[in-house]
Amino acid sequence: MRINTLLFFLLMMISIISCRKDEVSPSTFSFETEVEVVENYYVNLQGIVKSEEGDLIANATIEVAGQTIQTSSGGTFYLQDVQAPNIGLFIKAEAEGFFPGGTRLLTHKSQDYNVEIILPAFDKRISFMASEGAEFYDIHGTRVAIPENGVVDESGNPYNGNVDMYVRWLDPLASNVEALSPGGLAAVVDGEMQVLQSYGMVGVEMRADNGLELNLADGTSAEINFPLPAEISGEAPDEIDLWHFDEEAGIWTLEGKAIKDGNQYIASVEHFSWWNCDVAINNGILCMTITNDRGQPVPFAEIQLSSGQFGTANGVADANGVFCGIIPLDAEMNLTILSPCGSLLHEDVIGGFSTQQTDIDIVVTYGALQFENVTISGIVSCSATSQPVANGYVILQIGEKTYVDFTNSTGFYSITFVNCLSENLTATISAYDLNELQSGSESIAVGDEDITLNIDACENGSLSNFMNFISQGEEYPLFFCEAHVTAAEVTIRARDLDNTINVILGVQGFSEGNHTGNLISSLGGSTSSGVGSQTNITFTQYSEIPGNFITGSFFFGEIEGIFAAEVQ
C-alpha cells in the first residue's frame, strides 16, 4: 500500500497545521531556500480559521507577505493587494491554545482567493521540570526524549522551571493528513521547488507556565521516534531525509537523516518545530478550470487525484471552479471530481505531464443530478446609522459548509455555492459591521433559485475585543482590547499584534454616559503619538464583572474611535 495523500500539495483552498519560527544555525544538511520567481500576482485573500472540530477561531493572528491581521469574532480575515509569487504564498496562523498553522496558496492570476486554515488544539501533553528532562509516549508509538537541563527560554537563557510539552504525530495514511500538514509539503532542493512524499511527521511545542515558548538549548539534542504504519513499513527506506518546517520561507528544509528501526524511524534534532521523514519528488504545476454542461463554473468542486506510485490527494476548487496544485511529473493520475454535495461529476485518467506548467479545461455533466448553482447577494446596512456597511463581511453557514464574502464600498456582498436539492436546506447568514462593531443574522430557506437578501448588521448588538482607532483620518483596527476596573479608574487598553500601535484610555467614570478622561496613543514608526488629557469618553455599556463588556466611543481633536472591551 502506498502512502496516502501527501504527494501532491494542492490548492486554492487547503487546510494545514503547525509551523513555528526556529532561530537555528543552518546544519550541513540544509539547502538554500531561494527559488526563481517567474511571476508575481496581487491578490485579495478571504479566509477562515477553524479548529479540527469545525469551530471558528476568533483573534487568530494571520501573517502573510509582511502583513499582519487578526481574525474577527467570526474567525474570518481579509487582506487586499497581497503580492503572491506563482511558486506559492505561505499564509501563517497562530491562536492561543492551538498549534501554529498555515497554508501555502498557489496563485494563477490576480483575483480574490478563499483560504481555509485548520488549527489543532493543544491536547496531548506532559509536564516536567526542565532540570530533570522527560520522555513522552503516545499509543501510536511516538516518542520524544528531552535531556536534563536541556531547555532555554525565548531569549536563549537556561530555563529550569515547569515545562508543558505538546506533541502531535501525523499518520501518513490518514484521510485528513493534507488538512493538517504544514506548508503543503513544499521544499526547495538545489534551487528547484519540489514536493515531499512523507513517511510520517511529528510536531513538538514547549511552553512555560506563563505561556512563553521554550526550545532546546544550544548543543542539546532530543530524540524523536516516528511510528511507521505496518502498511508502508516494508517499502520505507532504511535511511531517509529528515526535514523541518521553515516558517519564514514557508517550506520544508532538509536537516539531517532518520534511521529505520523496525516499524519506526529514529532521529536526533537540535530544535523543535515540525519534523518530517520524506523523499523529495520532481514536480510541476497543474491548473484546471471546471465548468458544467450549462457553461457555468463549478464552485468548490471536490477534487481527488490518485496514483499507484504516489498515493492520493484531495482538494477543493475555488469560487470560479479553478483548481491549481503541484503534482509529480511524468506520472499518470486518476482524476475524480465530486460536487460539493458528494455526487460524482467526472472521472478520467490524466497525467504524464512533463512541463513545469500545465493548464487543462474540464467540462462536467450535471445531467439529472439534483443540484444547482445558487447565488445569495444583497446589501448589508446598519439600522443604527441607516447607512450601507462598507467595512464589513458576511458569513453563510449551510450544514458543515461555511462561505465568506466581504462587503464593497456600497455594502454589496455575493456568495455563490452549489446547493444539493435532495433535501430542503436551511442556511444561517450573518453580517458584521466593523465600524460600528455590530452584527446581525438571519435564517433562510435555500432552494434552486438565486436569492436577494439585504441584511441589517446592527440587529444583534456589539462585537467584542475590538477598537477602531482613527487618527487624522487614518483608521487603525486593533484586535486586542480589554478593560481593567479598579477603585481609582477604568482603563481601556488596545493594541495590535506587534505592539507597534497602543491606545490607552483612563477615566474616573464608573457608569454608562459621558465622561472626561485621558488618552495615550502610540502609533509607532514614523506616525505621531499623542496624549489627550481632556478626552471625551462615552460608555454605552458598562460592567465591572469579569467576562462582561464595556463598550463606547471617544474623541479628542483629530483622534476618535469606538471600542468593545472585555472586563478582566
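Guide: What follows is a set of questions about labels, each answered from a value and a definition.

Visitor: What kind of model is this, and which residues count for local features?
Guide: This is a predicted model, in which local features need pLDDT of at least 70, side-chain atom pairs count only at pLDDT 80 or more, and totals for chains, interfaces and linings use all residues. Residues are numbered from 1 along each chain as its sequence is written, and side-chain values use heavy atoms, with hydrogens and water left out.

Visitor: How many helices and strands does the protein have?
Guide: The protein has one helix and 47 strands. Helices (H or I, at least four residues) and strands (E, at least two) are DSSP runs, numbered from the N terminus.

Visitor: Why is arginine 143 called buried?
Guide: Buried means under 20% relative accessible area, exposed means over 50%, and partly exposed lies in between (1.4 Å probe, protein chains only). Arginine 143 has a relative accessible area of 15%, so it is buried. Its place is in strand E11, residues 143-146.

Visitor: Which residues does arginine 143 touch, leaving out those up to four places away in sequence?
Guide: They are Glu135, Phe136, Tyr137, Glu223, Ile224 and Asn225. Contact means heavy atoms within 4.5 Å.

Visitor: What share of the protein is buried?
Guide: Buried residues make up 54% of the 568 residues. Of the contacts between residues at least 6 apart in sequence, 65% join residues at least 24 apart.

Visitor: What makes cysteine 287 and cysteine 324 a disulfide?
Guide: A disulfide is a pair of cysteine sulfur atoms within 2.5 Å. The sulfur atoms of cysteine 287 and cysteine 324 are 1.9 Å apart, and the two form a disulfide. In general, a disulfide is a covalent bond between the sulfur atoms of two cysteines.

Visitor: Why is the disulfide of cysteine 287 and cysteine 324 called right-handed?
Guide: The torsion about its S-S bond is about 115 degrees, so the disulfide of cysteine 287 and cysteine 324 is right-handed. Cysteine 287 lies in strand E22 (residues 283-292) and cysteine 324 in strand E25 (residues 322-328), so the pair ties together parts that are 37 residues apart in sequence. Both cysteine 287 and cysteine 324 are buried.

Visitor: How many disulfides does the rule give?
Guide: The count comes to two. The other link joins cysteine 382 to cysteine 458, with 1.9 Å from S to S. With -110 degrees about the S-S bond, the link of cysteine 382 and cysteine 458 is left-handed. This pair links distant parts of the chain, 76 residues apart: cysteine 382 is in strand E29 (residues 371-382), and cysteine 458 is in the loop between strand E37 (455-456) and strand E38 (461-462). Both cysteine 382 and cysteine 458 are buried.

Visitor: How do you know whether cysteine 277 and cysteine 481 are buried or exposed?
Guide: Cysteine 277 has 0% relative accessibility, so it counts as buried. Cysteine 481 has a relative accessible area of 5%, and therefore it is buried.

Visitor: Where is asparagine 149, and why is it called partly exposed?
Guide: Asparagine 149 is in the loop between E11 and strand E12 (151-152). Its relative accessibility is 49%, so asparagine 149 counts as partly exposed. Asparagine 149 also has a positive phi of about 50 degrees although it is not a glycine.

Visitor: Why is aspartate 330 called exposed?
Guide: The relative accessible area of aspartate 330 is 58%, so it is exposed. Aspartate 330 is found in the loop between E25 and strand E26 (332-338). Its phi is near 60 degrees, a positive value in a residue other than glycine.

Visitor: What makes strand E5 and strand E8 edge strands?
Guide: An open sheet of three strands has the order E5-E2-E8, with mixed pairing. Strand E5 (76-85) and strand E8 (112-119) are its edge strands, since each pairs on one side only. Two strands pair if DSSP finds at least two bridges between them. Strand E2 (residues 40-51) and E8 have eight bridges and pair in the parallel sense. Glutamine 46 stands opposite asparagine 114 in E8.
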